[in-house]
Amino acid sequence: MLDKISKSTELKPWRGNIPIYHRYTLGVAGERFFKALRDHKQILASACPNCRQRFIPPKIYCEACFEETRDWSTVEGPGYIKTFTVLHRSLEEEPLERPVVVALIAWSGVRGGLLHRLGEVDPSGVKTGLEVEPQWAEVRTGSMDDIQFFRPPLNS
Ligand SMILES: [Zn+2]
């Protein structure tokens with residue numbers, strides 16, 4: 001137990017449970033963001049009144065000038081894929097029946113983005129810059145799963 005391990009290949013598993021519990025609070029900006037998802041199918045960004053930068057997920061203070069953000073608005077139009085990865089295995093290392101594409105979705109003129117799954121898309125056709133829009137869940141609870149996934153706009 002107290003041996004100094006200098007190679008990661010010498011690591012040994014220690015089975016058991018760690019009794020840790022946590023409660024995650026959304027915070028002021030997060031609560032407003034998730035309520036808009038749930039109640040209005042809207043993706044909100046906040047904006048700094050000083051430097052005009054917009055943020056998604058919304059922040060209550062501007063990262064650049066520490067001003068309180070006051071102007072909240074929905075993001076306009078489709079987002080686009082800033083980066084993505086294709087998963088072929090689950091977190092348990094089991095092969096997936098179908099590959100899952102996870103992407104960072106960004107909006108023009110908005111700093112940041114949302115990580116989410118892509119759907120109704122051929123993984124081999126996914127590329128950065130591809131426009132996507134949310135597919136809203138029928139039942140929304142105020143979580144990221146209120147968006148089932150993002151997909152290319154239906155009219156494209
Ligand atoms: Zn600012």
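**Note on a predicted model**

1. Proline 57 sits in the loop between β2 and β3. The model is predicted, and in it the peptide bond that joins isoleucine 56 to proline 57 is cis, with omega near -10°.

2. Helix α1 covers residues 27-40, which is 14 residues. From its first C-alpha to its last it reaches 19 Å, close to the 20 Å expected at 1.5 Å a residue. Lysine 41 follows α1 and has a positive phi, near 50°.

3. An open sheet is built from 4 strands in the order β3-β1-β2-β6, and its pairing is mixed. The edges are β3 (71-74) and β6 (110-112), each of which pairs on one side only. On average, and with direction ignored, neighbouring strands of this sheet are turned by 35° against each other.

4. Serine 46 has phenylalanine 55 of β2 as its bridge partner. The loop between β1 and β2 holds arginine 52.

5. Arginine 52 is exposed, with 10 other C-beta atoms within 10 Å. Glutamate 93 is in the loop between β4 (79-89) and β5 (95-106), and is also exposed, with 6 other C-beta atoms within 10 Å. Both counts can be read against the cut-off for an exposed residue, which is 12 or fewer.

6. The largest nonpolar core has 23 residues, and among these Ala45 and Val110 touch the most other members. Two or more residues come from each of α1, β1, β2, β5 and β9 (147-151). The most come from β5, which gives 4 residues. In soluble globular proteins, nonpolar side chains tend to be buried together.

7. Which residues is alanine 45 in contact with, leaving aside its neighbours within four places in sequence? They are Arg54, Phe55, Ile56, Pro58, Ser73, Val75 and Val110. Phe55, in this list, is also the bridge partner of serine 46. Ile56, another contact of alanine 45, is the residue from which the cis peptide bond runs to proline 57.

Key: Residues are numbered from 1 along each chain as its sequence is written. This is a predicted model: local features need pLDDT of at least 70, side-chain atom pairs count only at pLDDT 80 or more; totals for chains, interfaces and linings use all residues. The expected span of a helix is 1.5 Å times one less than its number of residues. Two strands pair if DSSP finds at least two bridges between them. Axes are lines fitted to C-alpha atoms, for helices over the stretch in contact, and angles run from 0 to 180 degrees between N-to-C directions. A residue is buried if 20 or more other C-beta atoms lie within 10 Å of its own, exposed if 12 or fewer, and partly exposed in between; C-beta atoms are placed from the backbone. A nonpolar core is a set of buried Ala, Val, Leu, Ile, Met, Phe, Trp, Tyr and Cys residues joined through C-beta atoms within 7 Å. Two residues are in contact if their C-beta atoms, placed from the backbone, lie within 7 Å.
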